[in-house]
Amino acid sequence: VATRIRYGEAVDLAVNAANQMPPLFEAGVLDRATVRELGRMRLGFAMRDSGALPDIATEAALAAALRALPSLALSDGAAGATTGRHVAALLDRLAPGTPRRPFPRGLAAVQAVAAGEAGAVITQMSEILAVPGVRSAALPDSAQLVTPYVAAIPTAAPSPADAAVLLAHLLSPAGQAPFRAAGFAGPGEG
């Protein structure tokens, strides 16, 4: 998204992970005064829906659950996936011997778990909730990667007034409902 906007794709409103936006503000592509947080995405642990989830409420319990897995699916950090890099570092710290199955995207990793091709997955809750056939729980706070998502109006937006109306709607209770349904915590929430 950031690359497409930076190189001139015309949009009225840009929505992306907060860490992707600073270069767009610095380049004058986005109006910094319009930035608003829409919600925060947390990581979850999911397994096939056919069995009970192990206890992962603490780092020690998560480490034990990871060591017991035949494999863990994750997004490919080597391909630039921030979540994948975080999960790989978490595995190195908590359960270094756990076999890893990298996928191009977190959604594909969750689909592999639902199909029985991997024992479990750690990825963003929005990707987990989008796939039927898995059950999930949020990672403990000490293992989390919280990603704020923000919106901003481009300086060259074709319809900045309409973008401001849309942004106001996205921040309203009705506009926030789809974000909550997709697994986002509210703006400013952990």
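Visitor: What should I know about the model and its numbering?
Guide: The model is predicted: local features need pLDDT of at least 70, side-chain atom pairs count only at pLDDT 80 or more, and totals for chains, interfaces and linings use all residues. Residues are numbered from 1 along each chain as its sequence is written, and side-chain values use heavy atoms, with hydrogens and water left out.

Visitor: How are two packed helices described?
Guide: By the angle between their axes and the distance between the axes. Axes are lines fitted to C-alpha atoms, for helices over the stretch in contact, and angles run from 0 to 180 degrees between N-to-C directions. Helices (H or I, at least four residues) and strands (E, at least two) are DSSP runs, numbered from the N terminus.

Visitor: At what angle do helix 3 and helix 4 pack?
Guide: About 95 degrees, with the axes 10 Å apart. That makes helix 3 roughly perpendicular to helix 4. Angles of 65 to 115 degrees count as roughly perpendicular, under 35 as roughly parallel, over 145 as roughly antiparallel and the rest as oblique.

Visitor: Which residues make the contact?
Guide: Contact means heavy atoms within 4.5 Å. Helix 3 brings Glu59, Leu62, Ala63, Leu66 and Arg67; helix 4 brings Leu90, Leu91, Arg93 and Leu94. By class, six are nonpolar, none polar and three charged. Ala, Val, Leu, Ile, Met, Phe, Trp, Tyr, Cys and Pro count as nonpolar, Asp, Glu, Lys and Arg as charged, and the others, Gly among them, as polar.

Visitor: How do helix 7 and helix 8 cross?
Guide: At roughly 65 degrees, with axes that come within 4 Å. His169, Leu170 and Leu171 of helix 7 meet residues of helix 8, including Gln176 and Phe179.

Visitor: Is Gln176 buried or exposed?
Guide: Buried means under 20% relative accessible area, exposed over 50%, partly exposed in between (1.4 Å probe, protein chains only). Gln176 has 8%, so it is buried. Not counting residues up to four places away in sequence, Gln176 touches Leu38, Leu170, Leu171, Gly186 and Pro187. Gln176 and Pro187 are eleven residues apart in sequence and 9.5 Å apart in space, C-alpha to C-alpha.
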